[in-house]
Amino acid sequence: HMSGGGGGGGGLGARCPGEADRAWGLRQQQQQLQRREAELLSGITKSLAGADEVSTRTLETLHGQTEQLERIHAHAAAIEGNLDSSEWSLRGMTTFGWVRNLFAGPRRSGSSADAAAPSAGG
């Protein structure tokens, strides 16, 4: 009774008839996973490139705003110096203000107004 339903041939495939199908299915799944992984990596790379571009533009904007604030500060210091000089001049025009100016002298806001004005760009 050796010929009864064994499936004949005695080759390697006859050992487990579904094993080749299972291996093929696993290879297909692995290839799908690799494709999906490549797609995800590509999307992440594009997102990172976009974030890098945005951060570079933000840095440039902040740099420009920092320079603008420095110019504003220099102008404000120059204006403060001008106001101090104007106040001193106006006080000198009053009846006893000129006497006070003799002893007090013009109020200086320090060298910051004089030093900051040339860096203001004009």
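## Overall fold

How many helices and how many strands does the protein chain have? In this predicted model, the protein chain has three helices and zero strands, and, read from the N terminus on, its elements follow the order α-α-α.

## Surface and burial

The protein chain holds 122 residues, and buried residues account for 9% of them. Its accessible surface amounts to about 10,300 Å², and carbon and sulfur atoms contribute 60% of that area.

## A nonpolar patch

On the surface, the side chains of Leu 40, Leu 41, Ile 44 and Leu 48 come together as a nonpolar patch, and these residues together have about 390 Å² of accessible area. One of them, Leu 40, lies in helix H1, which covers residues 19–92.

Is Leu 40 buried, exposed or partly exposed? Its relative accessible area is 43%, and because buried means under 20% and exposed means over 50%, Leu 40 counts as partly exposed.

## How H1 and H2 pack

Helix H1 packs with helix H2, which spans residues 97–104, at an angle of about 135 degrees, and the axes of the two helices are 6 Å apart. H1 is therefore described as oblique to H2, because an angle has to be over 145 degrees to count as roughly antiparallel, while the range for roughly perpendicular runs from 65 to 115 degrees.

Which residues make the contact between H1 and H2? On the H1 side, the contact is made by Trp 88, Arg 91 and Gly 92, and on the H2 side by Gly 97, Trp 98, Arg 100 and Asn 101.

Notes: Residues numbered from 1 in each chain as written. Predicted model: local features only at pLDDT ≥ 70, side-chain atom pairs only at ≥ 80, totals over all residues. Heavy atoms only, no water. Patch = residues over 30% accessible without salt bridge, like charges linked within 9 Å, V, L, I, M, F, W, Y side chains within 5 Å. Areas by Shrake-Rupley, 256 points an atom, 1.4 Å probe, with all protein chains shown as cover. Salt bridge = Lys/Arg side-chain N within 4 Å of Asp/Glu carboxyl O. Helix = DSSP H or I, 4+ residues; strand = E, 2+ residues; numbered from the N terminus. Buried < 20%, exposed > 50% of the residue type's maximum accessible area, 1.4 Å probe, protein only. Axes fitted to C-alpha atoms, helices over the stretch in contact; angles between N-to-C directions. Parallel < 35°, antiparallel > 145°, perpendicular 65-115°, else oblique. Contact = heavy atoms within 4.5 Å.
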